Amino acid sequence: MQTATRTGYSLTQIVLHWAIAALVLFQLVFGESMAEAVEAAEEGEALSAVDQTMASAHYWVGIAILALVAVRLLVRIRTGAPDAIGEGLSTKIAAGLHHLFYLLLVLVPVTGLMGFYLGDPWGEIHEVSKPVFIVLIAIHAGAALFHAVVLRDETLKRMLRPGRG
Ligand code: HEM
Ligand code: HEM
């Protein structure tokens, strides 16, 4: 493992980061259709064609996220990641947040599957992921933009351009 010696992310890591981020945003924006589908099934009501399609998309996009995260974790364990730029508490918070993201990226699809096949409380637990993800993404993206605009360091650039190992 080269965990501490890397200075950048590989192309694979960068592509996976942005692909997973885009798919998670899709899930957060359109997740309500799946909630509608579950409710309609429970109450024996009809479901609109749009909600039906989006609920099905929610299922498959969620499974795609789980598969991509499995690949991403393997790559991460094999190649490591560069140390956070800067020093002190903020780098520890950043590292903690990144680990928390990985945990959520596994737990949220798993609780989604459990909610789908087993019902509540898993569905309810799964739904809590929405506000949690929104708050964490706001902090994470805000920090990335702060690095780019105020500190003007390489943090955002290295998640856009592959670096040497
Ligand atoms: C990272 C992946 C995922 C994210 C971010 C996500 C996010 C969401 C969101 C935002 C909602 C709507 C919550 C609301 O309306 O308050 C939802 C509902 C739901 N999702 Fe996911 N989801 C993911 C993966 C999955 C997967 C893989 C499944 C498996 C089938 C799934 C099944 C469900 C179910 C069944 C509901 C409705 C829960 C209920 O009403 O009890 N989700 N999800
Ligand atoms: C659902 C959305 C997102 C998730 C789940 C996510 C997750 C992650 C994770 C887990 C890492 C750590 C990578 C590692 O060290 O292995 C990371 C790094 C990074 N992310 Fe995100 N991210 C998301 C959205 C964004 C957005 C919108 C931006 C920019 C505006 C962004 C910018 C960055 C940057 C610059 C890094 C590198 C930090 C560093 O090198 O210290 N991310 N992200």
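1. Let me start with Q27, which lies in helix α1 (helices are DSSP runs of H or I with at least four residues, strands are runs of E with at least two, and both are numbered from the N terminus). Q27 counts as buried because its relative accessibility is 11%; buried means under 20% relative accessible area, exposed over 50%, and partly exposed in between, with a 1.4 Å probe and protein chains only. Leaving aside neighbours within four places in sequence, Q27 is in contact with A57, H58, V61, G62 and I65, where contact means heavy atoms within 4.5 Å.

2. A word on provenance before going on. This is a predicted model, in which local features need pLDDT of at least 70 and side-chain atom pairs count only at pLDDT 80 or more, while totals for chains, interfaces and linings use all residues. Residues are numbered from 1 along each chain as its sequence is written, chains are lettered from A and ligands numbered from 1 in the order in which they are written, and side-chain values use heavy atoms, with hydrogens and water left out.

3. H58 (NE2) and H126 (NE2) coordinate the iron atom of ligand 1 at 2.0 Å; donors are N, O and S atoms within 2.8 Å of the metal (3.2 Å for Na, K and Ca), and sites may look incomplete because water is not among the atoms. This pair links distant parts of the chain, with H58 in helix α3 and H126 in helix α5 (residues 122-127), 68 residues apart. H58 is buried, since its relative accessible area is 13%.

4. The 6 donor atoms around the iron atom of ligand 1 subtend angles of 88 to 179°, so the arrangement is octahedral. For six donors, that label requires opposite donors over 155 degrees apart and all others between 65 and 115. Ideal angles for six octahedral donors are 90 or 180 degrees.

5. H17 (NE2) and H140 (NE2) coordinate the iron atom of ligand 2 at 2.0 Å. Here too the chain is bridged between distant parts: H17 is in helix α1 (residues 11-30) and H140 in helix α6 (residues 129-151), 123 residues apart. H17 is buried at a relative accessible area of 13%, whereas H140 counts as partly exposed because its relative accessibility is 24%.

6. Two backbone details deserve a glance. The peptide bond from D120 to P121 is cis, with omega near 10°, and P121 lies in the loop between α4 (89-118) and α5. R152 has a positive phi of about 50° although R152 is not a glycine. That residue is found in the segment after α6 and counts as exposed at 69% relative accessibility.

7. As for the whole chain, the secondary structure comes to 6 helices and 0 strands. The C-alpha atoms fill a box of roughly 55 × 30 × 25 Å along the principal axes. A49, found in helix α3 (residues 49-79), has its C-alpha atom 44 Å from that of V149, 100 residues away along the chain. Among contacts between residues at least 6 apart in sequence, 82% join residues at least 24 apart. Buried residues make up 32% of the 165 residues.

Note on methods:
Four donors count as tetrahedral if all angles lie between 85 and 135 degrees; four count as square planar and six as octahedral if opposite donors are over 155 degrees apart and all others between 65 and 115; anything else is irregular.
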